[in-house]
Amino acid sequence: MKALVYQGPGKKDWIEKSKPTVQKPTDVIVRITKTTICGTDLHILKGDTPEVPEGLTLGHEGIGIVEEVGDAVKNFNKGDQVLISCITSCGACPNCKRQLYAHCNDGGWILGHLIDGTQAEYVRIPHGDNSLYPIPEGADEEALVMLSDIMPTGFEIGVQYGHVKPGDTIAIVGAGPVGMSVLLTAQFYSPGRIIMVDMDENRLAAATKFGATHTLQVGKDDVVGEIMALTDGLGVDVAIEAVGVPATFDTCQKIVSAGGSVANVGVHGKPVELHIEDLWIKNINISMGLVNTNTTPMLLKTLQSGKVDPAQLVTHRFKLDDILDAYEVFANAAREKAMKVVISA
Ligand SMILES: NC(=O)c1ccc[n+]([C@@H]2O[C@H](COP(=O)([O-])OP(=O)(O)OC[C@H]3O[C@@H](n4cnc5c(N)ncnc54)[C@H](O)[C@@H]3O)[C@@H](O)[C@H]2O)c1
Ligand SMILES: [Zn+2]
Ligand SMILES: [Zn+2]
């Protein structure tokens, strides 16, 4: 089969590789029908994650059709259409028992990280019963691909951890696919005002279409000053960081109101300065974490009922054989006006 393989920092190729086989009775082999590329895949290619071995197939998102199941798999059969979670979980260890699937003793984020991932014709999913979800009849396939990672990430780590409430003023710093997923899922709770912050004018325009009430452009607007003016000097109820650099975390700690929350979603590679000398007195919460994907069943229902439409995030489409072109577009997202690419078999 063909697979997109990491070959060390800066190097990748679409090459022939042997098809995965059932290794444990709980494994499911899935034939990929649609996959996508995540910002995290670009981080891996830059060499930011040295634990990723050379020769690994990248990708942790996608949907497909069950090709083969191990003897212990109960929930799936050959031919079933499935959504792949970016988080693999056994469902039985102490962390899984409290829905902390990101920290499963025999899983977590391993796909396209420690074991071969989804940017291939076939993928092996360990603990298939708990790591795959049946696709509801008639569901929009492109929308479903957004449910492998970005939608649960935005919802769980941004909206739930940030305790977004009806009427709140919230600010989302970073209008990439993850920030946009925060924007879409925050609206389940009817916040009063949603301020989107980014430097990319095109992404801010898209944010307005998806429900942002205000947009602020880094490099042009005085972001902190305007947010304070907009909130009568109080700050926002929830400040959500969706970039992963010190500057954006700093913005969030400057704009959070007394009693508010800072929800950090971005993956950080450098330390940030925590201004505890200003924050200790403000009765705030600061949260952060890796997505658990425990809300995937709920998100599937909202998708089916039309409460949310993550297919809006798809800007480009490719065939699996042209995945290198998809990488070229996604890696130059601002130039290409790209948000999420869908790659189909
Ligand atoms: N916590 C988790 O479980 C989890 C899961 C998936 C992704 N992530 C992380 O979420 C973050 C966002 O992911 P993404 O795919 O949307 O990334 P992305 O790179 O596509 O988007 C980031 C956005 O931030 C903007 N930006 C960059 N610098 C900025 C600045 N100084 N101020 C304002 N905006 C700025 C960019 O223009 C871009 O639109 C990444 O760090 C990613 O690794 C976390
Ligand atoms: Zn991802
Ligand atoms: Zn577990």
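Two strands count as paired if DSSP finds at least two bridges between them, and strands themselves are DSSP runs (E, at least two residues; helices are H or I, at least four), numbered from the N terminus. The model is predicted, so local features need pLDDT of at least 70 and side-chain atom pairs pLDDT 80 or more, while totals for chains, interfaces and linings use all residues. Residues are numbered from 1 along each chain as written, chains are lettered from A and ligands numbered from 1 in the order written, and side-chain values use heavy atoms, without hydrogens or water.

The sheet, then. Six strands make an open, parallel sheet, ordered β10-β9-β8-β11-β12-β13. Because β10 (214–217) and β13 (285–288) are the edges, with a single partner strand each, one side of each has no neighbour in the sheet. From one strand to the next, the twist averages 15°, with angles taken from 0 to 180 degrees between N-to-C directions of lines fitted to C-alpha atoms, for helices over the stretch in contact. Helix α7 (201–209) packs on the sheet and touches β9 and β10, at about 175° to β10; contact means heavy atoms within 4.5 Å.

Now ligand 1. Which of the 21 residues around it come nearest? They are Asp198, Arg203, Val243, Gly289 and Val291, where being around it means a heavy atom within 4 Å. Backbone N or O atoms lie close to ligand oxygens at Pro177, 3.1 Å, and at Val178, 2.9 Å. A ligand nitrogen is 3.0 Å from a polar backbone atom of Val265.

Terms used:
Polar contact = N/O pair within 3.5 Å; in protein donor to acceptor, adjacent residues only side chain to side chain.
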